[in-house]
Amino acid sequence: MRIIFLVGPPLAGKDTQAGLLAKLFNTQAISAGEILRQADDEEVKRIMKEGKVVGAEVLKRYVLGWIKDHLNILRKHTTLIITGMPRAKEDLEVLDEIVKLFKPSHVDIVVLDISLDTAKKRLKGRYICPKCGRVYNIYTAPPKNDLLCDDDKTPLVRRIDDEEEGIVEKRFNHYITEELPAVLEFARPFHLVKINGEGSINEVFKRICKALFLECDRIIR
Ligand SMILES: [Zn+2]
């Protein structure tokens, strides 16, 4: 098995790129952020709304818990895509547990780089389908019909933890000073690639595929 971790600052397009990679490998993308957003836990909702890091105990309870609940299905895949973690040094033990569960022969850490200005611009355009969780951006990945989900026609909503520009700036700075160093520490024994995350979804995806030696013509042209 191969595991690809996708990390980056807020609005770097992690979940979007993970979705494309999942399509390429015919597998499931595991988004720590989405699992946490769906957790029925007021404390977790409050922490995420404030743009703070949930911590390793919460990751263990919900994200590792989710992975263990779906272990039989996940183990059938040849590739897994994981986004949204680690975000702190203490999260590294959770990542180690994930690696131990699947014993992958290859681990890639893809770091998406964007500027704070790009994050702020993308923030203004990001919407999510409350029914299926598909993420849209009116600048980079607009829905076909005005603010309706392409898949199920549900009216799109803005993500609650993205409402404040100040929160994104705080999360961005936290990423640069705390999360990225943790990622680089975790990445040491694995294959690390840094990708320029600026530009369109297809441009970024082509860069990821090139860095991972993948043929992506089947997904995009
Ligand atoms: Zn939908």
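1. In this predicted model, Ile30 has Ile82 of strand 3 as its bridge partner. Strand 2 (residues 29-31) and strand 3 run parallel and are joined by three bridges. Strand 3 also runs parallel to strand 1, and here the two strands are joined by five bridges. Within that pairing, Leu80 of strand 3 is the bridge partner of Ile3. Strand 3 (residues 79-83) is mostly covered, with four of its five residues buried.

2. These pairings belong to an open, parallel sheet of five strands, in the order 2-3-1-4-8. Its edge strands, strand 2 and strand 8 (191-196), each pair on one side only. Direction ignored, neighbouring strands of this sheet are turned by 20° against each other on average.

3. Helix 1 (residues 14-25) lies across strand 1, strand 2, strand 3 and strand 4, and runs at about 175° to strand 3. Helix 9 (residues 201-211) lies across strand 4 and strand 8, and its angle to strand 8 is about 155°.

4. The largest nonpolar core comprises 49 residues, of which Phe5, Leu6, Leu59, Val63, Ile81 and Val110 touch the most other members. Helix 4 (residues 56-69) supplies the largest share of this core, seven residues. Another core, of six residues, lies apart from it and includes Cys129, Tyr136, Cys149 and Leu156. In soluble globular proteins, nonpolar side chains tend to be buried together.

5. The surroundings of Leu6 deserve a separate entry. Residues up to four places away in sequence not being counted, Leu6 touches Lys14, Gln17, Ala18, Ile81, Thr83, Val110 and Leu112.

6. Arg61 is also part of helix 4. Arg61 counts as partly exposed because 15 C-beta neighbours lie inside 10 Å, whereas a buried residue needs 20 or more. From C-alpha to C-alpha, Arg61 and Lys194 are 30 Å apart in space, and they are 133 residues apart in sequence.

7. A second topic is the open sheet of three strands, which has the order 6-5-7 and antiparallel pairing. Strand 6 (135-137) and strand 7 (157-158) are its edge strands, each pairing on one side only. Strand 5 (residues 126-128) runs antiparallel to strand 7 and is joined to strand 7 by two bridges. Ile128 stands opposite Val157 of strand 7.

8. Helix 8 (residues 165-187) has a kink of about 50°, centred on Tyr175. Tyr175 is itself one of the buried residues of helix 8, together with Val168, Arg171, Phe172, Glu179, Ala182, Val183 and Phe186. The elements covering the buried residues of this helix include strand 1 (2-7), helix 6 (92-102), strand 4 (106-113) and helix 7 (116-123). An α-helix has 3.6 residues a turn, so residues three or four places apart point the same way.

9. The packing of helix 7 on helix 8 can be stated in detail. Their axes are 10 Å apart, and the two helices pack at an angle of about 145°. Helix 7 passes helix 8 in a right-handed crossing. On the helix 7 side, the contact is made by Leu116, Ala119, Lys120 and Leu123, and on the helix 8 side by Glu165, Val168, Glu169 and Phe172. Of these, Val168 and Phe172 are among the buried residues of helix 8.

Methods: Residues numbered from 1 in each chain as written. Predicted model: local features only at pLDDT ≥ 70, side-chain atom pairs only at ≥ 80, totals over all residues. Core = buried A, V, L, I, M, F, W, Y, C linked by C-beta atoms within 7 Å. Buried ≥ 20, exposed ≤ 12 C-beta atoms within 10 Å, placed from the backbone. Contact = placed C-beta atoms within 7 Å. Pairing = 2+ DSSP bridges. Bend = angle between axes of the 7 residues up to and from the residue. Axes fitted to C-alpha atoms, helices over the stretch in contact; angles between N-to-C directions. Left-handed = near helix turned anticlockwise from the far one by under 90°.
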